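Biologist: I have a model open and want to learn how to read it. Please take me through it.

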Amino acid sequence: MQIVTDSPAQTEELGRRIAQQLRGGEVLALFGGMGMGKTAFTRGLAAGLGISSGISSPTFSIVNEYHGRLTVYHFDMFRVESWEDLESTGFFDYLDTDAVLVIEWSENIIGALPPDAIIIELSAGKTEQERIFRIEGLEL
Ligand SMILES: Nc1ncnc2c1ncn2[C@@H]1O[C@H](COP(=O)(O)OP(=O)(O)OP(=O)(O)O)[C@@H](O)[C@H]1O
Ligand SMILES: [Mg+2]
């Protein structure tokens, strides 16, 4: 499935729609470079789960935890370079729970993603504001 958004608000709306499909236990693996809208998407997704405050890139903490209709662990793997780094984020501990895992910079942990991860690839569109979302493993 491919969806094009034309503003941060539309990207957030897409996140909200996807949140409605979640039952808990999903891993959403976000791919796509700096400023593509991964955090904007996550903000919308969290809002769709009833979480409204303080969603930002967890760049320095590596993982943020939010509680809404479901628990969300929001990772930023930008600085993760090794299996040990990844282990220390708690990723493996959260995998087999009912929480939703949202992972920015999934490029850095490809080998550790579960086979049923929902893959979300963001890329630039034709204009400054356009973002192309390619989503695998989830129907809207
Ligand atoms: N269609 C769009 N969707 C999302 N963001 C957009 C869009 N058009 C423009 N933007 C801008 O792009 C930026 C997206 O920032 P955001 O922090 O969400 O990206 P990111 O992928 O999380 O980056 P990083 O890898 O640095 O964490 C914001 O400045 C936002 O205003
Ligand atoms: Mg971000």
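**Ligand, helices, loop**

Modeller: Start at the ligand: an oxygen atom of ligand 1 lies 2.9 Å from a polar backbone atom of Gly35. That is a polar contact (a pair of N or O atoms within 3.5 Å). This is a predicted model: local features need pLDDT of at least 70, side-chain atom pairs count only at pLDDT 80 or more, and totals for chains, interfaces and linings use all residues. Residues are numbered from 1 along each chain as its sequence is written, chains are lettered from A and ligands numbered from 1 in the order written, and side-chain values use heavy atoms, without hydrogens and water.

Biologist: How far is the backbone N or O atom of Gly37 from an oxygen atom of ligand 1?

Modeller: It lies 3.0 Å away. For a polar backbone atom of Ala40, the distance to a ligand 1 oxygen is 2.9 Å.

Biologist: Which residues around ligand 1 come nearest?

Modeller: Thr11, Lys38, Thr39, Ala40 and Gln129, of 18 around ligand 1. "Near" needs a heavy atom within 4 Å.

Biologist: At what angle do helix 1 and helix 2 pack?

Modeller: Helices are DSSP runs of H or I, at least four residues; strands are E, at least two; both are numbered from the N terminus. Angles run from 0 to 180 degrees between N-to-C directions, with axes fitted to C-alpha atoms, for helices over the stretch in contact. Helix 1 (residues 8–21) and helix 2 (residues 38–48) pack at about 45 degrees, axes 6 Å apart. Therefore helix 1 is oblique to helix 2. Under 35 degrees is roughly parallel, over 145 roughly antiparallel, 65 to 115 roughly perpendicular, the rest oblique.

Biologist: Where is Thr59?

Modeller: Thr59 sits in the loop between helix 2 and strand 3 (63–67).

Methods: A polar contact is a pair of N or O atoms within 3.5 Å; within protein, one must be able to donate a hydrogen and the other to accept it, and residues adjacent in sequence count only if both atoms are side-chain atoms.
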